[in-house]
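Q: I have a model open and want to go through some of its contacts. Can we take it step by step?

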Amino acid sequence: RLLLIYFYRLGASSIAVTSIIATFLGFLFVVLLGAEFNVAGMVGLIALGLISVLSGVIYMHKLKEECYRGRTLKKANTEAAKKSLLPIVDLHVVLVAMGVGCYLLGGVMMKSFAVASILGGVASLLLNLIFLRGMEWLVTNEQGLAGRYDLFDVSKDQVADGLEESKEKYEGANADKDFTTHKKTGGSLA
């Protein structure tokens, strides 16, 4: 939790809330379906929590990456949502596939792992795609926080300024002369 706060500041709370809810839902599914809670179930809940945290980290990393490219927080959030979709879905598909494999091949002892990883994985995917993005959307669209990159541990001085034009500089014999102004000659055309 402290590493999340150090690297993502305000985003750490979103990641923590999402992963806690996902892990609780995984535990709730194990209890509701009557699977025996054992060491395998505990491993399944730990895997579920780690996948949920990793999904949040991927999302927040993409958000920071887009901020460093010069986008506003609002635009960076939109781009991060697009770019983090496939890795987050892939993580959860792997977790669900492991759960299905354990359910089919593991026997009675692995049922709690399977329930936690299959149903908890689906719940975690939905939470990370809807709830986490919704919370970040609320923060990044708040007018009072529009330029507050520091809330996401983004250095303001390293953010590219999209409004500033970068002009090429001439380095040669006439580098000190200004060729953009034209001088009028003394003669007149009558």
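Q: Which residue forms a salt bridge with Lys75?
A: Glu79 does, and the closest N and O atoms of the pair are 3.2 Å apart. Keep in mind that this is a predicted model.

Q: Where do Glu79 and Lys75 lie?
A: Both are in helix H4. They are 4 residues apart, about one turn of the helix.

Q: Buried or exposed, what is Glu79?
A: Glu79 counts as buried, because its relative accessibility is 12% and the cut-off for buried is under 20%. Lys75 is partly exposed, with a relative accessible area of 38%.

Q: What is the distance between the closest N and O atoms of Glu79 and Lys82?
A: That distance is 3.6 Å, and Glu79 forms a salt bridge with Lys82. The two are 3 residues apart in helix H4, so about one helical turn separates them.

Q: And Lys82, buried or exposed?
A: Lys82 counts as exposed, at 55% relative accessibility.

Q: Which residues do the shared partners join into one network?
A: Lys75, Glu79 and Lys82 are joined, through salt bridges that share partners.

Q: How many salt bridges are there in the whole structure?
A: A search of the whole structure gives 3. One of them pairs Lys83 with Glu66, with the closest N and O atoms 2.8 Å apart.

Q: Where do Lys83 and Glu66 sit in the chain?
A: Lys83 is in helix H4 and Glu66 is in helix H3, which covers residues 39-68. The two are 17 residues apart, so the pair links distant parts of the chain.

Q: Which is buried, by relative accessible area?
A: Glu66 is buried, at 0%. Lys83 counts as partly exposed, at 33% relative accessibility.

Q: Different topic. At what angle do H4 and H6 pack?
A: The angle is about 165°, and the axes are 9 Å apart. H4 spans residues 73-83 and H6 spans residues 111-140. That angle makes H4 roughly antiparallel to H6, because angles over 145 degrees count as roughly antiparallel.

Q: What kind of crossing is it when H4 passes H6?
A: The crossing is left-handed.

Q: Which residues make the contact?
A: From H4 they are Leu73, Lys74, Asn77 and Ala81. From H6 they are Arg133, Glu136, Trp137 and Thr140.

Q: How many residues of each class are in the contact of H4 with H6?
A: There are 3 nonpolar, 2 polar and 3 charged residues.

Conventions: Residues numbered from 1 in each chain as written. Predicted model: local features only at pLDDT ≥ 70, side-chain atom pairs only at ≥ 80, totals over all residues. Heavy atoms only, no water. Axes fitted to C-alpha atoms, helices over the stretch in contact; angles between N-to-C directions. Parallel < 35°, antiparallel > 145°, perpendicular 65-115°, else oblique. Left-handed = near helix turned anticlockwise from the far one by under 90°. Contact = heavy atoms within 4.5 Å. Nonpolar A, V, L, I, M, F, W, Y, C, P; charged D, E, K, R; others polar. Salt bridge = Lys/Arg side-chain N within 4 Å of Asp/Glu carboxyl O. Buried < 20%, exposed > 50% of the residue type's maximum accessible area, 1.4 Å probe, protein only.
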